[in-house]
Amino acid sequence: MEAVDRAFAAALYIEGDAALDTGASLLAAAPQADAELALRGREFVRRAWGRGWQPADVVRIVRRDLDEPQVRILSGLIRDELAQYERLPARWQGQLDELPSEPWRADRFSYATAVLELYRTLLALPSIEPAGPAPGASGLGPPVHGEPKTLARIRALLAKAEATGFPEEAEALTTKAQELMARHSVDDALLAGRGPGGEVPGACRIGVDAPYETAKAILLDAVASANHCRAVWNSALGFTTVVGFEADLEAVELLYTSLLVQGTTAMAKAEAAQRAGGRRRTKTFRQSFLLAYAARLGDLLASAARGVEESFGGEVLPVLATRAVAVAGRAEEMFPRTVATRVRGVSDESGWRDGRAAADRAHHSRARGVCPPTRP
């Protein structure tokens with residue numbers, strides 16, 4: 001429609017508020033163009049899938065760079081676009097379920113401004129490594145029928161650990177969750193090793209947001225290694241791609257989220273104690289705390305890995321080795337060029353000491369390894 005074309009020509013390809021105001025004015029004065037405007041938005045969303053993006057990835061970028069109105073507009077476009085498919089790729093339904101459901105209401109000019117800001121961002125999305133097939137593609141795999149009972153139990157235990165105010169109770173709950181997680185991973189590997197084969201490593205993306213994103217990326221890398229996965233951090237776009245087998249990817253998401261919540265809670269308590277003693281260097285304390293927390297957990301998880309695997313006897317070692325080769329090959333295929341990230345020195349001794357202590361408390365007896373995060 002002419003009004004939409006004129007608005008896009010005025011606002012989408014020219015930076016600045018003046019261009020945005022011109023485009024929004026044209027749309028606000030043309031209510032008959034609303035259907036075409038939404039149709040164009042769905043097309044932009046569909047193009048994002050073709051560039052390797054998934055719903056949660058796009059929402060994360062929009063929430064980081066824009067605001068809640070654009071997130072709600074985007075959520076509606078994603079729902080409308082994905083409604084045409086009978087089946088969605090694995091993980092997409094869960095991402096769809098987490099989208100905000102309430103539409104954003106505003107006057108016509110404000111709404112048009114928000115839409116054009118959103119479309120500017122969608123147009124600028126670069127191509128990234130696909131973490132799986134897009135809707136409508138072949139090879140979607142078998143339908144997913146709910147969450148395995150073991151993962152549901154793990155999720156419940158970790159939720160309780162995050163909610164309790166007693167460190168001893170949190171440690172006991174997360175220790176039990178870690179044990180279930182490790183056994184679930186090994187059982188899945190043994191079952192796959194006895195079957196006809198065919199399962200291949202997949203990938204998922206997990207947000208690594210500012211502030212203190214380097215420490216968070218190190219923590220996520222530790223959890224990924226603990227669960228037989230590879231992690232590659234894209235610092236510019238604010239996420240890490242984790243490569244591994246499906247059961248292990250689910251474990252990584254659960255454990256990383258829980259450890260990050262527990263670490264942030266412990267940091268807030270330690271920081272409050274520091275302020276009570278007259279300290280005011282909040283930023284350096286937090287940075288040092290989280291770096292120490294991530295590094296110490298990496299050491300503890302690496303040490304625990306050997307014990308978990310050895311407890312299952314020699315049968316599991318060849319199977320895990322075969323799967324490790326497959327994961328490494330898939331990661332190298334997706335990211336043929338990576339660089340190591342240099343971590344800046346720690347400048348707050350108290351933060352480092354408190355972070356290591358928090359990691360010791362959060363450690364669970366069934367966990368594994370860390371290596372420096374890499375970036376594409």
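Contact here means heavy atoms within 4.5 Å, and helices (H or I, at least four residues) and strands (E, at least two) are DSSP runs, numbered from the N terminus. This is a predicted model, where local features need pLDDT of at least 70, side-chain atom pairs count only at pLDDT 80 or more, and totals for chains, interfaces and linings use all residues. Residues are numbered from 1 along each chain as its sequence is written, and side-chain values use heavy atoms, with hydrogens and water left out.

Start by selecting 17-28, which is helix α2. Its buried residues (under 20% relative accessible area, 1.4 Å probe, protein chains only) are Ala19, Leu20, Gly23, Ala24, Leu27 and Ala28. They sit on the same side of α2, because they cover an arc of only 165 degrees around the axis, taken from the directions from the helix axis to the C-beta atoms.

Next, pick Ile154, Val242, Val252 and Phe289, the residues with the most contacts inside the largest nonpolar core, which has 43 residues. Such a core is a set of buried Ala, Val, Leu, Ile, Met, Phe, Trp, Tyr and Cys residues joined through side-chain atoms within 4.5 Å. Colour α11 too: ten residues, the largest share of this core, come from there. Apart from it lies another core, of 42 residues, including Leu99 and Tyr119.

Last stop: Cys204 and Cys229. Why is there no bond here? The sulfur of Cys229 is 7.5 Å from the closest cysteine sulfur, in Cys204, so it is too far for one. The structure holds zero disulfides (pairs of cysteine sulfur atoms within 2.5 Å).

Methods. The expected span of a helix is 1.5 Å times one less than its number of residues. Buried means under 20% relative accessible area, exposed over 50%, partly exposed in between (1.4 Å probe, protein chains only).
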